[in-house]
Amino acid sequence: MNFSVEEKTLLGLGLFNILLLLIFIIHFIIIYSLSKKRVKVYVNNGFNVNPTSIDDEYGIELTDNTKKNEIPVNNNNNNNNNNNNINNDNNENNSNNNNNLNIINNVNENYNSSKNNRKLFRYIEFKNRRNYIGLMSECIAALTIFELLILVLVMFDKLHIAAGIVLMIFGLCLFWSIWIVPIDDDKFLKSTFKIENCFKRFIKRQTFKFRGPNLKKNIRYWYSLIPALMVILLLTILLEGTCEDQLSFIDSRIMRKYMDPTCATSGEPCFIYLTLNQQPSTSIIVNFHTSSMKGDPEPNPICLYDTMPMGNQTSGYRNIAYGNYYRMPLEVIRYVNWVHIEGLQPKTTYYFSCGTWKNGFSYERKFKTQSDNADDGYSFVVGGDVDITADAANILKISALKNPDFAMIGGDLAYDHAQYTCYRIVDKWLNNWQYKMISATGYTIPLIASIGNHEVIGDYNAPSHRIPFFKRYFPQMTKREDPGDGDNVDDRKTYNTINIGGPNGTVIFNLDSGHHSSLSEQAIWMNQQLSSSGSSGSGGGGGGGTTLIHDFNSTQLRFSIYHVPMYPTIREYSNPKSTAVRDNWLSTFDNFKFNIAFENHDHAYKRTLPLFNNTVVTGGQSSSTLYIGDGSAGTGIRPLPYSGLKWYQAFSKSTHYITLINVIPTNRTITFNSFDTNNSTFDSGYINY
C-alpha cells in the first residue's frame, strides 16, 4: 500500500517528533546521572550544606564550610590590635580603615553568594542553569512538533476534534507545569531530594504545585497560559476537516458549514448523470444524488421512462425502474442513487425522470441507446485529467458540441485527491458534467470513466476502503454483475468492457492501470474476454463479484482506455509505472490487434506512430496500435521536456484538448480530430481497419 502526500506528512512529523523526544530523553538521562552523585552528597550532609558558586565545565561543586546565616570576617586579629592601640601611628590607622572595608566586602560577598547558592540549588539536579535551559529548549521543540502533529491529524480527519483538543491542551499544560511554574518553597524542594525514586519525586513536586496556597501563589503563571490555550482551540476549530490540494489549503469543515449546500437537503435529485455498462444497446445506468436533514427517511430511488416526452407529468410514463442507494460517510447526509434501466431497444431515444415519490423528481432528460449493429457508425469524445477549472468547463462544452454518442474520461476526474473532506470538489465536477455534457440535440451524454491515481489514496495498489468516491459514484456494469445492489458497493470492479455494435462491432476495455486492481489480473481477464466462446466463469473484478466471460473474439474494433501511459509524453519512457503497464498489457494489445489505446496522466497531448511489439511499424497499419492522448482535458498542462519528438511519437503538444473519434464502417475507417480550448483542430488523421 502506498502513502498519500497527507500520510507522508503525518509520518514525517511523527518520526521527527520521536527523534526530538529521544534526543531529550537521552540528554536528560545523561545530565540526571551526572548530577545524581552531587545530589546525594547534598542530602547526606544535611540541609545546612549549601552549594557554592564554583563554575567549571559541568556546573557546581558542593562544600561544607559555609553555614547558614554565618558571616565570615577576615583579619580579626589585626582589627583587635587596632582597637587596643588607638594611638598608633598613621600606618596603623590606614590598616584599620582597610580592615573595615574588608568586613563590608565580606558581608556583600556573603549576600551575593547566598543568592547564587539559592539559584544553583534550584538547578542542582541539572548541574547548572545552562543544562536546565538546554533541556527545556529540547522539550519545547518536541512539544511544538507534537502539537503540530495532533493539529494535522485533526485537519486530515484522522483524529476527532475533541480528542485532538484534549491531547494538545494536556501536552501544553504538562509542559507548563513541569518547566514554567516554579516551586518557591526551598524547604519542600530540599525534602524531595531524599526521595530516591525519581518518578515519585516528580509526582510529589507536581502535586505540591496544585495545593491551595501554592496554586494561588503561582496563579500568574497559569493566567499566562490562557492565550496559548485559546490559540490551540481556535486553530483546531478553524482547520478541522481541511480539504487541501497537495497541502495547499482549500477550505475547512467550519467554512463549509456556512457555505451554500451543493445538493439541496429537501431530498430532490441533484447531479443527474449516465454511465454505460457492457450492454449499452439495451441498458443504461442513471445516477443521481439526494441529500436530506437528520431524521428524514432514506430514499427509495426510481426512474420513470418512456419513448415519448412527458414533460413534468410523472403520471404519463409507461415504464418504471427501481434502484438502490448508498449513504456516503460525509459530514452532510448524502445518498448516491443508481438505477439500472434494462430491456431497452437499440438506437432508441428514451425520455426519463428520476427521484422519489416523496421528495420529487428531476426535470425530464433524454438519452439514446447504442447500436447493436456493426454496420452502424458512431462517435465519441475522449480525454482525461479533467479537474474543475474554467478550462475543464470549456472543454466539456466543446465536447458536447460534437454530438458524441458517449464520452470517455481516462482517470483523474475531479482532483479531490480521494479525500472525504473534498466532496464539494466532486460535486462541482458532477455539476459541470450534468449541465455541460448535453449535446447540441439535447441528449444527456453517457460517461465511461477510468480510475486514476487521484481517485485513490496513495496513487497505486489501494484497497477498496481507500477509494472514497469512484466505485460508489460510477457503476459501470450490468445489474446482474453489480455487487452494489447487494449492499456491497465497494466490491465493484475498477475495470470492465463496453460493447458497441454487437458481437462483430467494437469492444472497449476500460482498464485500471494499477491503482486498485493488479495489471497481471487484468491481462489474464482481457485474454479470456478475447479468446472465449461465450462460456461463463470468474473474471476477477478488482475486489469482488463474478464477471461473465463474454465473446469478443469476433469484434472488428478494439479500443482501450486507462490512466498511466505506456508511451508517455512528459515522463521518461523507462519510468517504472509505464514500464509495468507495457510489461503486462502490451503483448495482449499486439496479439489481439487493438486499434487505438487512449492514454492519460501526463497532462499533455501526443499521438504515436503505429506500434507493434514495441517497435514502429513502417510497412502498414493492419497489425499495429496507435496510442493517443496523455490527458489534459482541463487540469494544468505541463511543458514538453524538449523540442523534439520521442522515438515513438508522431506528434506532441502541451495543450488542453479533447479528441473526437468517428467510426465509419462503410469505408472501414476511424477518424480522429483533437480540439483545443478554442475549438480549433490541432491534430487529425485516420486509420483503416
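Author: Let us begin with a definition: a salt bridge is a side-chain nitrogen of Lys or Arg within 4 Å of a carboxyl oxygen of Asp or Glu. In this structure, D157, E240, D251, R253, R256 and E331 are linked in a network of salt bridges. Please note that the model is predicted, so that local features need pLDDT of at least 70 and side-chain atom pairs count only at pLDDT 80 or more, while totals for chains, interfaces and linings use all residues. Residues are numbered from 1 along each chain as its sequence is written, and side-chain values use heavy atoms, with hydrogens and water left out.

Reader: How many salt bridges does a search of the whole structure find?

Author: The search finds 17 salt bridges. One of the pairs is E331 with R256, where the closest N and O atoms are 2.7 Å apart. To place such residues we use helices (H or I, at least four residues) and strands (E, at least two), which are DSSP runs numbered from the N terminus. E331 lies in the loop between β9 (324-329) and β10 (333-341), and R256 in helix α11 (residues 253-257), so the pair ties together parts that are 75 residues apart in sequence.

Reader: Is R256 buried or exposed?

Author: Buried means under 20% relative accessible area, exposed over 50%, and partly exposed in between (1.4 Å probe, protein chains only). R256 counts as buried because its relative accessibility is 4%. E331, with a relative accessible area of 34%, is partly exposed.

Reader: Which residue does R472 meet in a salt bridge?

Author: The side chain of R472 meets that of D490, at 2.9 Å from N to O. This pair links distant parts of the chain, with R472 in helix α14 and D490 in the loop between α14 and β17 (496-500), 18 residues apart. R472 is buried, with a relative accessible area of 5%, whereas D490 is partly exposed at 21%. H465 is 25 residues from D490 in sequence, and their C-alpha atoms are 7.5 Å apart in space. H465 itself is found in the loop between β16 and α14 and counts as exposed, at 59% relative accessibility.

Reader: What is a nonpolar core, and which residues have the most contacts inside the largest one?

Author: A nonpolar core is a set of buried Ala, Val, Leu, Ile, Met, Phe, Trp, Tyr and Cys residues joined through side-chain atoms within 4.5 Å. The largest here has 42 residues, and W429, L430, W433, Y473 and F474 have the most contacts inside it. Elements that give two or more residues to this core include β5 (270-275), α12 (390-401) and α13 (423-436). The largest share, six residues, comes from α13. Contact means heavy atoms within 4.5 Å. Leaving aside neighbours within four places in sequence, W433 is in contact with Y273, L396, A407, I409, I445, P446 and L447. Another core, of 41 residues, lies apart from the largest one, and I341, Y350, F352 and I500 are among its members.

Reader: How is the length of a helix checked?

Author: The expected span of a helix is 1.5 Å times one less than its number of residues. Helix α12, with 12 residues, reaches 17 Å from its first C-alpha to its last, close to the 16 Å expected. Its buried residues are A392, A393, I395, L396, I398, S399 and A400. These buried residues of α12 pack against β14 (378-383), α13, β26 and β27.

Reader: What should I look for in the phi angles?

Author: Most residues other than glycine have a negative phi. N679 has a positive phi of about 65° although it is not a glycine, and its place is in the loop between β27 (669-675) and β28 (681-688).

Reader: What does the chain contain as a whole?

Author: The chain has 16 helices and 28 strands. Buried residues make up 51% of its 689 residues. Of the contacts with a separation of 6 or more, 69% join residues 24 or more positions apart.
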